[in-house]
Amino acid sequence: MDIAALAQANPDHWSKATAIRALTLDAVHAANSGHSGMPMGMADVATVLYEKHLKFDASAPDWPDRDRFILSAGHGSMLLYSLLHLTGYEDMTLEQVKNFRQWGAITAGHPEYGHAKGIETTTGPLGQGIANSVGFAMAEEMLRARYGRKLVDHHTYVIAGDGCLMEGISQEAITLAGRHSLGKLIVFWDNNDITIDGKVSLSDRTDQVKRFRAANWQVIEIDGHDPAQIDEAITKAKTSKKPTMIACKTHIALGHAAQDTSKGHGALTDADQMAAAKAAYGWTTGPFEVPGDIKTAWEAIGAKGKSEREAWESRFAEASERRQKEFTRIFDREAPKTLSARIKALKKQISEEAPKVATRKSSEMVLEIVNPIMPETVGGSADLTGSNNTKTGDLGVFDTDNRKGRYVYWGIREHGMAAAMNGMALHGGIRPYGGTFMCFTDYARPAMRLAALMRIPTVFVMTHDSIGLGEDGPTHQPVEHLAISRATPNTWVFRPCDTVETAEAWELALTSKETPSVLSLTRQNVPTLRLEHRNKNLTAEGAYVLADAEGKRQAIIMATGSEVEIAMKARDLLQGEGIGTRVVSMPCWELFEAQDEATRRKVLPAGPVRVAVEAAARQGWDRWLCGERGRETKSGFVGMEGFGASAPAEELYEQFGITAEAVAEKVKSLL
């Protein structure tokens, strides 16, 4: 690669792109840590994108109709940090760039949503960013159909590397995008033929161009260092009705001694080699110094979208007051004021009628009253619509001929569904929820973790939540999955016992602004246990007294979900023998944990023996059995010790000893 020829052919472009490369080298050198090669290789693509195509205003980073830029290859974070600093994002100061990867800096090792403006999503786990982008593009299509091009009309751009495309989630993402003809999604493939271990051919021989074309994408192949080719490719991509993959042939660590080698992927910190690379670039300033004329040129790029943004604000002001209010409300993640009243009315109806239904059906009953008043909800299922009960009649199906549809048939793509839902939530204006079996949280787990890390309120509807699903057997029966979800920080795990608790859980999930929710729902029917109507949302307390002891309180039985019925029956047996027993329903541990100690003490006072019952692993229960004034010698657990089996649900509960009689015996053995 003739660096001098590149510089001479396009001097203005070259100087701007070199600023990215130089800042990258300086930041990685200062940190003695990071990934230099990708930003150095993709600087030309990024420069053309930001200068000539990306619709954004650095002074208004949250403008709803901005183009979205996603760095799926998140290890190349210095590319994004350099762009944000150079274009004039207020919070991305030179000091932040100098403190790359250091404590307290917003310039984390991989881009983290919420740390700095202009970072649209947290990337690092490869493949998640490109999968998020499908959700961003779907959200844009849905909102454009609802509000019109005057308010919503923008593109989603992605830089992805070989690692992103090798990860299995990428296949789910690109086939989804192709199926739905997401023409405003444009992916740049950093085709540099290098991974950490060496050449891509060490581990992969996929023809990515054919792969994308087979998935109904337009593919354009270019020299990723030629600004004219880059510009022409983006211009063409913007006119396509298909999503576009621009295959950018690049050189990792361009101009450095490590160029085109696996060493070029990581931290390039050798001072002599850095000096040689900068000399080849024609870059003569000191560390972290960007010449004034180059910084001014970049800041002009950051300001060029101001007129478009102001024109959008004028169009928004011309919209009806009702339209403005709704648009603002959904982007602010504010629930409609009528939601609370609708939930209360449903709870009252259920307490009076006392239906015996599975909580997956309870969830559907809630959605039937929620979806008509919340146009921002978008539902879906990973090919389990009839099992997850996630579709209501008013939604309509999202498709190429119905962009207003609010139900997505995700297909057998749990990874892709979960990540795309995160993309929808991050885009704004959408509250996504999607369903699969609880056991397949294993497949959705990376995106569930990132939703928690990013503090976004994605809702994961997980049905068939225990051995109670029956005959499908241990492959489908979740045992450890509640513990895994509960172990994840900033996640609400709801396991409601009946329709009333399900309604309360949904209300909390739909009013959350920063916490994702997991709804753990039954396949088998359960009775209504909340027979006395209360306006108050008791699930919001996490745990509460469902039935108190009659006479002296000697035992407390704690339970969740379908096992609360078992706890109530065990209480009847114990009370029949004169043993005063309290039943505590614990639909959300995380919310109970957040209560003050006085509140928790009222629910779980010291003294009585404690038994927990849940058709799952014990892990996590000792917090409530032995902690919170409990004692190990006076506590017991009735649940699963291994995997399930294939049989009808009733027999499974009997065979595994999760019965009212077993709970009562456990209590008596501890008295």
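The following dialogue discusses how to read several features of a predicted model.

Trainee: How many helices and strands does the protein have?

Mentor: This is a predicted model, and its secondary structure comes to 27 helices and 20 strands.

Trainee: What does the radius of gyration say about the protein?

Mentor: One compares the value with that of a compact globule. For 671 residues such a globule would have a radius of gyration near 26 Å, and the protein has 28 Å, which agrees. The C-alpha trace spans about 95 × 55 × 45 Å along its principal axes.

Trainee: Which residues do the contacts join, in terms of sequence?

Mentor: Consider contacts between residues at least 6 apart in sequence. Of these, 78% join residues at least 24 apart.

Trainee: Where do the mean positions of the positive and negative charges lie relative to each other?

Mentor: The protein has 77 positive and 86 negative charges, and their mean positions are 4 Å apart.

Trainee: How many disulfides does a search of the whole structure find?

Mentor: A disulfide is a covalent bond between the sulfur atoms of two cysteines. Here the search finds zero. Cys588, for example, is in no disulfide, and the nearest cysteine sulfur, that of Cys497, is 14 Å away.

Trainee: Is Cys588 buried or exposed?

Mentor: Cys588 counts as buried because its relative accessibility is 0%. Cys439, at 7% relative accessibility, also counts as buried.

How values were computed:
Residues numbered from 1 in each chain as written. Predicted model: local features only at pLDDT ≥ 70, side-chain atom pairs only at ≥ 80, totals over all residues. Heavy atoms only, no water. Helix = DSSP H or I, 4+ residues; strand = E, 2+ residues; numbered from the N terminus. Rg over C-alpha atoms; globule rule 2.2 N^0.38 Å. Contact = heavy atoms within 4.5 Å. Lys, Arg positive; Asp, Glu negative; His and termini not counted. Charge placed at Lys NZ, Arg CZ, Asp CG, Glu CD. Disulfide = S-S within 2.5 Å. Buried < 20%, exposed > 50% of the residue type's maximum accessible area, 1.4 Å probe, protein only.
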